[in-house]
Amino acid sequence: MKNELQRWLTGCLFVCVGCSDASQYSQLKLSGADSIADHIRIDHAFGTVAIAGSLVCTGDLVMRTGNDFTSEMLEQMCAKDQTYSHCGLVSIENDSIFVYHAMGGEWNPDKKLCRDPFDLFCNPFENRGIGIYTFHLEPFEKNRLDSIMKAWYHKGVEFDMDFDLATDDRMYCAEFISKAVELATKKKIKFSTSSIHQFIYIAPDDLFLNSHCSEKKRFRY
């Protein structure tokens with residue numbers, strides 16, 4: 001059962017070929033009004049991302065809600081709050097905001113830990129919304145967390161296609177964050193796990209529902 005669940009999780013990282021077959025669907029026809037409305041929505045969404053960027057600090061947790069089939073499947077791995085499908089940690093470097101996160105599949109062919117600009121991570125074309133959260137960290141713990149994520153990034157930690165919590169050289173998104181925060185706080189902050197039968201994993205909602213984590217703001221595009 002564990003191997004079957006791991007294969008299912010891995011499969012969620014790839015878009016089914018059949019889903020891209022346009023012949024199965026009626027062609028979508030957009031009117032001029034639809035096009036204008038869509039432009040207004042996207043412009044508003046980018047404004048929302050800018051507002052969100054003004055709220056974040058180094059060490060903050062950024063959750064996002066993808067708008068694709070894979071993201072919807074990953075949201076179902078959350079037992080309590082299925083709002084989000086992916087997550088990352090913020091690092092403010094000079095005057096730029098970056099998000100460190102673990103991602104696999106076609107979005108990240110080399111499978112190594114990602115360091116993306118905040119607005120790219122929150123891209124409204126590929127996401128329906130984001131959430132900003134902060135862990136209750138002392139300043140020295142926040143600095144330690146920032147050093148850990150950067151060290152793992154430069155080390156080239158790869159995405160864990162097996163979703164195996166026992167491995168530290170390969171990690172998936174929620175695992176990367178949970179282990180980085182636990183290490184930075186010397187396990188003052190610990191995370192609960194989720195499970196399906198005998199398969200144990202860290203789900204996105206295990207992160208932001210932690211008692212040592214507070215919500216700053218949720219945004220819907």
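This is a predicted model: local features need pLDDT of at least 70, side-chain atom pairs count only at pLDDT 80 or more; totals for chains, interfaces and linings use all residues.
Biologist: How many helices and strands does the secondary structure of the protein chain come to?
Modeller: The protein chain has 221 residues, of which 48% count as buried. Among its contacts with a separation of 6 or more, 70% are between residues 24 or more positions apart. The secondary structure of this chain comes to 7 helices and 10 strands.

Biologist: Which strands stand at the edges of the open sheet of 6 strands?
Modeller: The order in this open sheet is S4-S3-S2-S1-S5-S10, and the pairing is antiparallel. A strand at the edge has a single partner strand, so one of its sides is left without a neighbour in the sheet, and this applies to strand S4 (114-117) and strand S10 (213-220).

Biologist: How many bridges join strand S2 to strand S3?
Modeller: Strand S2 (residues 86-93) and strand S3 (residues 96-101) run antiparallel, with Val-90 opposite Val-99 and Leu-89 opposite Tyr-100. Their hairpin has 2 residues between the strands, and Asn-94 takes a positive phi near 60 degrees there. The number of bridges joining S2 to S3 is 5.

Biologist: What is the bridge partner of Phe-98 in S4?
Modeller: S3 and S4 pair in the antiparallel sense, over 4 bridges. Within S4, the residue that partners Phe-98 is Pro-117.

Biologist: Is H5 parallel, antiparallel, perpendicular or oblique to H6?
Modeller: Two packed helices are described by the angle and the distance between their axes. For helix H5 (residues 139-155) and helix H6 (residues 173-184), the axes come within 8 Å and cross at roughly 135 degrees. Because angles of 65 to 115 degrees count as roughly perpendicular and those over 145 as roughly antiparallel, the relation of H5 to H6 is oblique.

Biologist: How many nonpolar, polar and charged residues does the contact of H5 with H6 have?
Modeller: H5 passes H6 in a right-handed crossing. The contact is made by Glu-141, Arg-144, Leu-145, Ile-148, Met-149 and Trp-152 from H5, together with Phe-176, Lys-179, Ala-180, Val-181, Leu-183 and Ala-184 from H6. By class, these come to 9 nonpolar, no polar and 3 charged residues.

Biologist: Which strands does H6 lie across?
Modeller: The direction of H6 runs at about 50 degrees to S2. The strands that H6 lies across are S1, S2, S3 and S5 (127-135).

Biologist: Does Thr-65 count as buried or exposed?
Modeller: Thr-65 has its place in strand S1 (residues 61-66). Leaving aside residues up to four places away in sequence, Thr-65 touches Glu-75, Thr-83, Tyr-84, Ser-85, Glu-126, Asn-127, Arg-128, Gly-129 and Arg-220. Because its relative accessibility is 1%, Thr-65 counts as buried.

Biologist: Where is Lys-111 found?
Modeller: Most residues other than glycine have a negative phi. Lys-111, however, has a positive phi near 65 degrees, and at 31% relative accessibility this lysine counts as partly exposed. Lys-111 is found in the loop between S3 and S4.

Biologist: Does Phe-163 count as buried or exposed?
Modeller: Phe-163 has its place in the loop between strand S6 (158-159) and strand S7 (170-171), and its phi is positive, near 50 degrees. Because its relative accessibility is 7%, and buried means under 20%, Phe-163 counts as buried.

Conventions: Residues are numbered from 1 along each chain as its sequence is written. Side-chain values use heavy atoms; hydrogens and water are left out. Buried means under 20% relative accessible area, exposed over 50%, partly exposed in between (1.4 Å probe, protein chains only). Contact means heavy atoms within 4.5 Å. Axes are lines fitted to C-alpha atoms, for helices over the stretch in contact, and angles run from 0 to 180 degrees between N-to-C directions. Angles under 35 degrees count as roughly parallel, over 145 as roughly antiparallel, 65 to 115 as roughly perpendicular and the rest as oblique. A crossing is left-handed if the near helix is turned anticlockwise from the far one by less than a right angle, and right-handed if clockwise. Ala, Val, Leu, Ile, Met, Phe, Trp, Tyr, Cys and Pro count as nonpolar, Asp, Glu, Lys and Arg as charged, and the others, Gly among them, as polar. Two strands pair if DSSP finds at least two bridges between them.
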